[in-house]
Amino acid sequence: MMRCLLMANGVYGDIAIYYEMAHRVDLVVCADGGANFAYQMGITPDCIVGDLDSIRPEIREYFANQGVRFIVYPAAKDYTDFQLALEAAEEMGADEIILIGTLGGRLDHTLANLYICIDAVQKDKKIIHFGPDVTIYMTNSRLRLQGRAGDLVSIMALTEKASGITLGNFAFPLQEAELYTKNPIGVSNRMTTDTAEISVGEGILVVFHYQ
């Protein structure tokens, strides 16, 4: 399995929380201004994708001199830089994609970044949005959470309907249940042990894990 770190140009908080993660992947892809954070972290990405309106000129020059591959698009385009970077990561063979800088800031950007990943999840890619306050998983099959008893977890349908949902080791368990986007009853559940199990038979779930 090829693990990829995809760095977007969103909210990071303390970049120190990402160092260990950044050195446990096989591939690093930056969406435009995400390269600024890669530079701060001392990471040389494999690829930088986008219209390059957010990467600082001196950092663009630095990575160009390092031989980093650039995939450049015009500013007037139908897709966001993040969407194009995600597509590039998939084309480069990524099976598990850890996304940072995709959460926080503008709510429309955060929602768009979740919706953009639906296609990847349907292709059975493992998608994880990692932020300073929450880790968001997207799944159409099974998920095992590692944390602590008492961790807050919200589970919602990202597709209009998700069915065959079973939750194990939660304060409010479910067995072969259905969730709908219009009725998010899975908000604010809690883990009862250090591990919890989530499975879905049909549809896509988005899981917010607050540790």
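Mentor: A definition to begin with: nonpolar patches are made of residues with over 30% relative accessible area and no salt bridge, with nonpolar side chains joined within 5 Å. Keep in mind that this is a predicted model.

Trainee: Which residues form a nonpolar patch on the surface?

Mentor: Leu-107, Leu-111 and Tyr-115 do, and together they have about 320 Å² of accessible area.

Trainee: Is Leu-107 buried or exposed?

Mentor: Leu-107 is exposed, because its relative accessible area is 60% and the class begins over 50%. Leu-107 is found in helix H5, which covers residues 107-116.

Trainee: What does Phe-82 touch?

Mentor: Leaving aside residues up to four places away in sequence, Phe-82 touches Leu-6, Ala-8, Ala-31, Leu-99, Thr-102, Asn-113, Ile-116 and Cys-117.

Trainee: Now charges. How many salt bridges does the structure hold?

Mentor: The structure holds 10. One of them pairs Glu-197 with Arg-144, at 2.3 Å from N to O.

Trainee: Which strands do Glu-197 and Arg-144 lie in?

Mentor: Glu-197 lies in strand E13 (residues 195-199) and Arg-144 in strand E8 (residues 142-146), so this pair ties together parts that are 53 residues apart in sequence. Glu-197 is partly exposed at 33% relative accessible area, and Arg-144 is partly exposed at 48%. There is also a network: salt bridges that share partners join Asp-51, Lys-77 and Asp-81.

Trainee: What about Arg-106, which residue does it form a salt bridge with?

Mentor: With Asp-108, where the closest N and O atoms are 2.6 Å apart. Asp-108 has a relative accessible area of 42%, so Asp-108 counts as partly exposed.

Trainee: And how far apart are the closest N and O atoms of Asp-119 and Lys-123?

Mentor: They are 3.0 Å apart, and the two residues form a salt bridge. Asp-119 is partly exposed at 39% relative accessibility, and Lys-123 is partly exposed with a relative accessible area of 46%.

Trainee: Why can such side chains pair at all?

Mentor: Because side chains of opposite charge can pair when their charged atoms come close.

Terms used: Residues are numbered from 1 along each chain as its sequence is written. This is a predicted model: local features need pLDDT of at least 70, side-chain atom pairs count only at pLDDT 80 or more; totals for chains, interfaces and linings use all residues. Side-chain values use heavy atoms; hydrogens and water are left out. A salt bridge is a side-chain nitrogen of Lys or Arg within 4 Å of a carboxyl oxygen of Asp or Glu. Buried means under 20% relative accessible area, exposed over 50%, partly exposed in between (1.4 Å probe, protein chains only). Helices (H or I, at least four residues) and strands (E, at least two) are DSSP runs, numbered from the N terminus. Contact means heavy atoms within 4.5 Å. Patches are made of residues with over 30% relative accessible area and no salt bridge: like charges are joined within 9 Å, nonpolar side chains (Val, Leu, Ile, Met, Phe, Trp, Tyr) within 5 Å. Accessible areas come from the Shrake-Rupley method with a 1.4 Å probe; for residues, only the protein chains shown count as cover.
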